[in-house]
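Hi everyone, thanks for coming. Have a look at what's on the screen, and I'll walk you through it.

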Amino acid sequence: YNNAKEVCPIGWHVPTEAEFDTLITYLGGSAVAGYKLKQAGTAYWIYNNLANNESDLDFLPSGLRNPDGTFTNVGEVATYWFKGEVYFLQNNSKEAYKMHDHAGNLSGAIRCIMDK
């Protein structure tokens with residue numbers, strides 16, 4: 001992550017915590033943002049997917065990457081990474097909340113955003 005050019009194409013960057021927080025606030029706060037970010041239906045999400053994808057961002061349930069490189073909770077959770085922390089969305093919740101990872105053990109998907 002220290003060299004975002006290796007992750008995102010030219011003209012794009014990995015979102016900062018402030019950028020992700022702005023998105024969550026715009027969508028009504030952490031209590032409902034997950035509902036508005038996740039792809040609706042159960043094509044990728046397992047049972048009880050609480051989502052309407054009002055944002056049209058189609059966040060998908062890639063699961064959570066463990067320190068040993070294995071993945072858990074695929075189909076149940078979406079994790080989106082920014083600078084050592086992840087936003088966490090579950091299939092059965094409308095929330096979007098941060099998981100602090102000060103030890104650097106968690107990994108999630110990255111959504112690049114266009115530079116201004």
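**The pocket and its neighbours**

So, α1 (17-26) and β7 (113-114) each supply at least two residues of the lining of the largest pocket. Helices (H or I, at least four residues) and strands (E, at least two) are DSSP runs, numbered from the N terminus. Before I go on: this is a predicted model, where local features need pLDDT of at least 70, side-chain atom pairs count only at pLDDT 80 or more, and totals for chains, interfaces and linings use all residues. Residues are numbered from 1 along each chain as its sequence is written, and side-chain values use heavy atoms, with hydrogens and water left out.

Back to the pocket. On a 1 Å grid over the protein atoms alone, a pocket is an open set of points where a 1.4 Å probe fits, with protein on both sides within 12 Å along at least five of seven lines, and lining residues have an atom within 4 Å of a point. The volume, meaning the space filled by probe spheres set on the points, is about 250 Å³ for the largest pocket. Which element gives the most to its lining? That's α1, with three residues. By class, the lining has eight nonpolar, one polar and three charged residues. Here Ala, Val, Leu, Ile, Met, Phe, Trp, Tyr, Cys and Pro count as nonpolar, Asp, Glu, Lys and Arg as charged, and the others, Gly among them, as polar.

F59 first. The structure holds three aromatic pairs, with ring centres of Phe, Tyr or Trp (its six-membered ring) within 6.5 Å. One of them is F59 with Y80, 4.1 Å centre to centre and 40° between the planes, so it's tilted (under 30 degrees is stacked, over 60 edge-to-face, the rest tilted). F59 sits in the loop between α2 (30-37) and β2 (64-65), and Y80 in strand β4 (residues 77-82), 21 residues apart. Both F59 and Y80 are buried.

Now C112. A disulfide (two cysteine sulfur atoms within 2.5 Å) joins C112 to C8, S to S 2.2 Å. The link is left-handed, with -90° about the S-S bond. C8 is in the segment before β1 (12-13), while C112 is in the loop between β6 (97-100) and β7, 104 residues apart.

Is C8 buried or exposed? C8 counts as buried because its relative accessibility is 4%, while C112, at 25%, counts as partly exposed. Buried means under 20% relative accessible area, exposed over 50%, partly exposed in between (1.4 Å probe, protein chains only).
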